[in-house]
Amino acid sequence: MAINVPQSVFNKYYEVIDSTFDIFGVTCQLVYIDLKEINQDPDNNIPDHNSVNIHRRHDDQFDRENKTYIEVETTVDIKLKVYWDNKSFIKVGNIAIPDNSIQTIGMMKDLPQILRAKYLIVHKGIKDYKTMRFEREGEHFPMGLKQDRYFGCFWKRV
């Protein structure tokens, strides 16, 4: 016997869960790294980087084929629910989570931004006291009824 659940039940559920982001959510910042080309000075002492693996370098400025590039950080604000204590984490199978890790819950519409980000700065409100950077650990996972509106993600401290 099939049970038909009216859409109004799901709408009410989404309304309640969405309101928890306003109550328990904190404003975080996603950090993106963009490469910008700058005017090259032929007398500079910036090392050439001819490797295809530019992500393996440890400086934020490099030359490649007579062009100079510099990394520029840009940030975007996002509202997430952050869980600091692993006892509060939502259980997702049997995975090993490193110490000083956090779990975040966000809206599925924000997932493309999360996947593109290099880092997450947690809790913009306390950024003046301490900047805590995290990078994504593992894959995201869908959450909630129908599993199409919310996702969870683990982050490790950088």
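Arg 149 counts as partly exposed in this predicted model, at 31% relative accessibility, where partly exposed denotes the range between buried, under 20% relative accessible area, and exposed, over 50% (1.4 Å probe, protein chains only). The side chain of Arg 149 meets that of Asp 18 in a salt bridge, with 2.5 Å from N to O, a salt bridge being a side-chain nitrogen of Lys or Arg within 4 Å of a carboxyl oxygen of Asp or Glu. This pair links distant parts of the chain, 131 residues apart, with Asp 18 in helix α1 and Arg 149 in the loop between β6 (133-143) and β7 (150-157). Asp 18 is likewise partly exposed, at 21% relative accessibility. Helices (H or I, at least four residues) and strands (E, at least two) are DSSP runs, numbered from the N terminus. Residues are numbered from 1 along each chain as its sequence is written. Because the model is predicted, local features need pLDDT of at least 70 and side-chain atom pairs count only at pLDDT 80 or more, whereas totals for chains, interfaces and linings use all residues; side-chain values use heavy atoms, with hydrogens and water left out.

A search of the whole structure finds 7 salt bridges, among them one between Glu 15 and Lys 12, whose closest N and O atoms are 3.6 Å apart. Glu 15 and Lys 12 are 3 residues apart in helix α1 (residues 7-24) and are therefore separated by about one helical turn. In general, an α-helix has 3.6 residues a turn, so residues three or four places apart point the same way. Lys 12 is partly exposed, with a relative accessible area of 48%.

A further salt bridge joins the side chains of Lys 156 and Glu 135, at 3.7 Å from N to O. Since Lys 156 lies in strand β7 and Glu 135 in strand β6, the pair ties together parts that are 21 residues apart in sequence. Lys 156 is partly exposed at 28% relative accessibility, and Glu 135 is partly exposed with a relative accessible area of 27%. Through salt bridges that share partners, Glu 135, Glu 137 and Lys 156 are joined into one network.

Tyr 119 lies in strand β5 (residues 119-121) and is buried, with a relative accessible area of 18%. Although Tyr 119 and Gln 29 are 90 residues apart in sequence, the distance between their C-alpha atoms is 8.4 Å.

Helix α1 itself has 18 residues and reaches 26 Å from its first C-alpha to its last, close to the 26 Å expected at 1.5 Å a residue, the expected span being 1.5 Å times one less than the number of residues. The buried residues of α1 are Phe 10, Tyr 14, Thr 20 and Phe 21. They cover an arc of only 110° around the axis, which puts them on the same side of α1; the arc is that of the directions from the helix axis to the C-beta atoms. These buried residues pack against β3, β4 and β7, while on the other side of α1 the residues Ser 8, Asp 22 and Ile 23 are exposed.

Ile 3, found in the segment before α1, is exposed with a relative accessible area of 69%. Together with Val 5 and Val 9, Ile 3 makes a nonpolar surface patch of about 280 Å². Patches are made of residues with over 30% relative accessible area and no salt bridge, like charges being joined within 9 Å and nonpolar side chains (Val, Leu, Ile, Met, Phe, Trp, Tyr) within 5 Å. Accessible areas come from the Shrake-Rupley method with a 1.4 Å probe, and for residues only the protein chains shown count as cover.

Over the whole protein, 2 helices and 7 strands are present, and from the N terminus on the elements run α-β-β-β-β-α-β-β-β. Buried residues make up 31% of the 158 residues. The accessible surface comes to about 10,700 Å², of which 49% belongs to carbon and sulfur atoms. Among contacts between residues at least 6 apart in sequence, 64% join residues at least 24 apart.

Note on methods:
Contact = heavy atoms within 4.5 Å.
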